[in-house]
Amino acid sequence: MTSTERWIEGGKTPAHVTRDIMRPLEGGVGLPWWAAFCAALTLLGAGAAAVAYTLTKGIGTWGLNRTVGWAFDITNFVFWIGIGHAGTLISAILFLFRQKWRTSVNRSAEAMTLFAVMCAGIFPLIHMGRPWLAFWVLPYPNTRGPLWLNFNSPLLWDVFAISTYFIISLVFWYLGLIPDLATMRDRASGLRRRIFSALSLGWDGSTRTWLHYESVYLLLAGLATPLVVSVHTIVSFDFATSVIPGWHTTIFPPYFVAGAIFSGMSMVLTLMILARKLARLEDYITVKHIDAMCKLVLTTSLMVGTAYATEFFVAWYSGNPYERFVFLNRALGPMAWAYWIMVVCNVVLPQILWWPNVRRNMAAVFGLSLLVNVGMWFERFVIIVTSLHRDYLPSSWASYRPTIIEVATLAGSFGLFFTCFLLFCRFLPMIAIAEVKGVLVPEEIV
Amino acid sequence: MNRRLFLASFAREADVIRAVRGIRGMGCRVVDVYTPYPVHGLDEAMGLTPSRLPVVCFGLGALGAVSAFFFQSWVATIDWPLHIGGKPLFAWPSFIPITFELMVLFAGVGTVGALLVSRGLLPWKTPLLPLPGATDDRFVVAVDREDALFDAEAITELCRGCGVLEIDARAEAAS
């Protein structure tokens with residue numbers, strides 16, 4: 001299998017790859033890292049305080065009311081789960097499609113997935129009210145009957161989908177890390193060497209092991225591909241299987257999956273544009289990589305835009321007055337501002353990516369990637385809150401505004417995400433060293 | 001007892017493939033080749049058979065799916081039947097999501113576990129050989145010195161012809 005396409009610049013040899021990618025791990029970290037780390041820890045602290053307050057006082061500290069029973073925290077949950085979809089897209093789906101550019105970004109994207117799923121998991125947990133009984137969501141023989149779970153409930157499917165997704169993503173990420181951990185072991189000494197020796201499981205690069213390793217990697221990619229689609233499909237079932245106008249629609253599974261990939265790729269772009277600059281990895285994460293990811297963002301933006309239009313068409317075509325009302329209320333009602341932020345950020349602005357010059361302009365792509373994430377957060381907010389706040393019974397109509405506790409919890413989840421990501425950048429190779437070596441321009445095999 | 005090996009390191013994947021073909025052509029056994037990344041074509045040159053782990057993966061996936069489906073069916077129909085608006089107890093379509101998730105979970109985690117155990121990749125293990133650079137930029141061929149057909153001079157000559165960087169004719173693998 002020879003390909004002449006060059007993804008890594010600067011005429012690198014395998015030895016250069018090892019040296020360049022290990023540089024940020026073996027030398028000290030610079031001031032920007034410490035500044036970012038302190039900022040992330042501050043946010044994390046604020047979030048921890050908000051969660052502690054919620055746990056002691058109860059979720060009455062939030063802005064929820066009898067009409068709007070799901071709002072900020074479920075928005076955050078769906079937002080983070082969506083972010084967590086790009087990692088597996090890049091590592092599994094692009095692997096099956098033989099997209100070699102994935103090797104420069106898959107490691108960071110997989111790490112991002114793990115941290116995003118951790119952030120997502122916090123929200124349903126604290127929403128339970130009595131999170132110390134969270135283990136009741138697992139089917140284990142218990143002294144309450146045994147009282148089993150209701151396997152007809154999409155919320156329970158969610159528990160299985162998200163925990164499976166987290167475990168499989170973790171296993172996939174670790175499997176990819178083993179050869180690189182061995183590289184780190186062989187360059188380290190003292191305590192570091194002992195730690196990496198245990199983590200790398202005695203890896204020696206044997207071809208017999210590589211043969212099985214590649215086979216398992218392919219199998220995991222094949223398993224993770226339907227898994228990534230299933231996770232956001234099941235998240236969308238939380239809404240689609242209810243009878244709330246605006247939620248009860250069959251378009252939700254593909255619409256949510258496209259949205260998840262859209263927001264996840266944008267977050268990957270945000271992080272990669274920063275990382276390539278700060279860790280001096282411009283030869284590995286090149287303008288061509290950013291360009292390829294921008295095309296995926298543009299494609300998924302069009303899919304999401306089509307879904308928004310389809311929802312409106314179906315609401316009108318259904319002839320159902322409640323359905324029609326919800327959509328008119330979304331676009332023109334008291335929360336129309338949120339709806340139009342969503343449309344502008346997710347559908348209108350990404351159209352600038354049709355121009356190759358924009359896709360190759362790092363500042364423009366960085367700015368756009370931030371706006372897409374704002375837009376995608378608002379998408380979930382719009383779906384959840386505008387569908388609930390004016391229901392079938394006008395006497396129970398209500399509004400919703402978040403409390404400072406809810407805002408601090410969201411800020412805290414960003415703090416957790418960036419704290420984990422910065423630690424990852426400091427202690428583990430951000431780019432899959434062994435995989436990048438395999439896609440350096442191959443010599444002719446005799 | 002330690003195993004006595006002959007090690008030759010190369011800098012290019014094409015060279016190592018040529019050397020492996022040559023050594024096997026002489027009738028000698030190539031114990032293993034240590035490389036920083038998977039070299040395609042090397043498994044064929046070494047005459048390795050494809051991995052059988054896909055069979056393990058299929059079996060575990062089937063186990064996960066079947067046990068998840070039967071467990072949910074048993075709970076819903078026998079152990080804790082819940083009557084919900086007169087709907088059927090054996091509502092099998094709603095058991096599919098969890099059946100699918102557990103299929104993936106069993107197959108994924110189990111296959112990786114099988115890989116690690118079958119290849120002896122465990123936290124307390126260390127590489128058996130001193131292999132400078134095999135996780136960096138070297139491709140190291142290990143030949144069994146106890147092989148009846150082993151001829152140090154002929155193999156050294158062959159490796160030189162393939163552009164060898166370094167030869168260690170007295171390596172010993174801890175066993």
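Mentor: Helices are DSSP runs of H or I with at least four residues, strands are runs of E with at least two, and both are numbered from the N terminus. The model is a predicted one, in which local features require pLDDT of at least 70 and side-chain atom pairs count only at pLDDT 80 or more, while totals for chains, interfaces and linings use all residues. Residues are numbered from 1 along each chain as its sequence is written, with chains lettered from A and ligands numbered from 1 in the order of writing.

A residue is buried with 20 or more other C-beta atoms within 10 Å of its own, exposed with 12 or fewer, and partly exposed in between, the C-beta atoms being placed from the backbone. Because L156(A) has 19 C-beta neighbours inside 10 Å, it is classed as partly exposed. Contact requires C-beta atoms, placed from the backbone, within 7 Å. Setting aside residues up to four places away in sequence, L156(A) touches V137(A), L149(A), N150(A) and F151(A).

Turning to the nonpolar packing, a nonpolar core joins buried Ala, Val, Leu, Ile, Met, Phe, Trp, Tyr and Cys residues through C-beta atoms within 7 Å. The largest such core holds 175 residues, and V268(A), V20(B) and V141(B) have the most contacts inside it. Its greatest contributor is helix α8 (residues 207–240) of chain A, with 16 residues. Beyond its neighbours within four places in sequence, V268(A) is in contact with A86(A), V105(A), A109(A), M112(A) and M293(A).

Note on methods: Contact = placed C-beta atoms within 7 Å.
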